Amino acid sequence: MQRMGHRAGETGGESGGEGRGESSGESGPPGVTRRRALWIGGGGALAAGAVAFAARDELRHWWWQLPWNDKPRKPGEVDYRGARWVAASSWNYRLADRPSDYDIDRVVIHVVQGSFATALKVFRNPLHEAAAHYVVRKDGQVAQAVRELDVAFHAGNRGYNERSIGIEHEGFVDRPESFTAAMYASSARLTAGICRRYGFPADREHIVGHVEVPGTDHTDPGPHWDWDRYLGLVRAELRKGRAGAHKD
């Protein structure tokens with residue numbers, strides 16, 4: 001968390017380029033064979049198809065942002081089995097219908113700079129104007145404060161908030177004893193489930209620290225967070241899932 005910021009700090013949106021397709025007429029320029037002209041025309045059709053697919057995908061995102069298309073929600077329902085629901089203030093997140101309106105392809109790792117109870121307390125405070133989806137305690141207990149459907153204000157970057165799940169960890173960045181074996185194991189199971197649900201790999205491109213979010217002034221999870229150990233645990237959990245899926 002580490003002075004996590006507020007709603008006004010949800011800045012730094014991301015932008016992408018637009019694809020362009022070219023089409024061909026019935027006949028090519030001098031020196032272009034009929035076969036070559038057909039190949040160019042086929043390429044144009046493929047490009048046009050790609051543009052149409054992208055437009056359809058954009059329409060899908062737009063459709064789910066309409067207010068009457070909200071997905072079903074049950075009070076107190078959690079996305080991670082075993083988590084305890086402790087709802088954040090509605091000022092600390094934005095209702096959404098992810099991944100239908102915003103694709104999810106990141107997990108952002110945070111450290112509270114305080115206790116498990118402190119994190120949940122400030123997430124319930126509307127004046128804090130920030131929250132993560134989950135908080136993990138030293139003994140491995142997990143609380144969920146924001147549904148994965150919704151955009152939590154945790155990264156200080158709007159684009160990252162929309163595409164990511166935020167996980168807070170009890171402790172302090174300058175105290176290596178904060179990061180217990182139980183915490184690593186529990187958090188890894190949580191992250192593996194997120195990777196599996198949304199279909200992205202367990203690597204350092206898709207599982208990042210708060211310090212790595214563009215535009216951030218935060219340093220968590222800090223130098224004592226063992227990335228090699230953590231990713232190894234996440235990948236081991238994913239392998240367990242694959243092995244279980246192949247059992248009769």
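Predicted model: local features only at pLDDT ≥ 70, side-chain atom pairs only at ≥ 80, totals over all residues.
**Entry on the neighbours of E7.** With that term in hand I looked up strand E4 (residues 134-136) and found that three bridges join E4 to E7, the two strands running parallel; in E7, the bridge partner of tyrosine 134 is isoleucine 167. I then turned to strand E3 (residues 106-109), which pairs with E7 in the parallel sense over four bridges, and there I saw that arginine 106 has serine 164 of E7 as its bridge partner.

**Entry on cover.** Is strand E7 (residues 164-169) mostly covered or mostly open? I found six of its six residues buried, and both faces are covered, with Ser164, Gly166 and Glu168 on one side and Ile165, Ile167 and His169 on the other.

**Entry on the whole sheet.** I followed the strands across and wrote down the order E1-E5-E4-E7-E3-E8 for an open sheet of six strands with mixed pairing. Strand E1 (84-85) and strand E8 (207-209) each have a single partner strand, so one side of each is left without a neighbour in the sheet.

**Entry on H4.** I looked last at helix H4 (residues 181-198), whose 18 residues reach 26 Å from first C-alpha to last; its buried residues include Met183, Tyr184 and Leu190. Just after H4, I noted that glycine 199 takes a positive phi of about 70 degrees.

Note on methods:
Residues numbered from 1 in each chain as written. Heavy atoms only, no water. Buried < 20%, exposed > 50% of the residue type's maximum accessible area, 1.4 Å probe, protein only. Pairing = 2+ DSSP bridges. Expected span 1.5 Å × (residues − 1).
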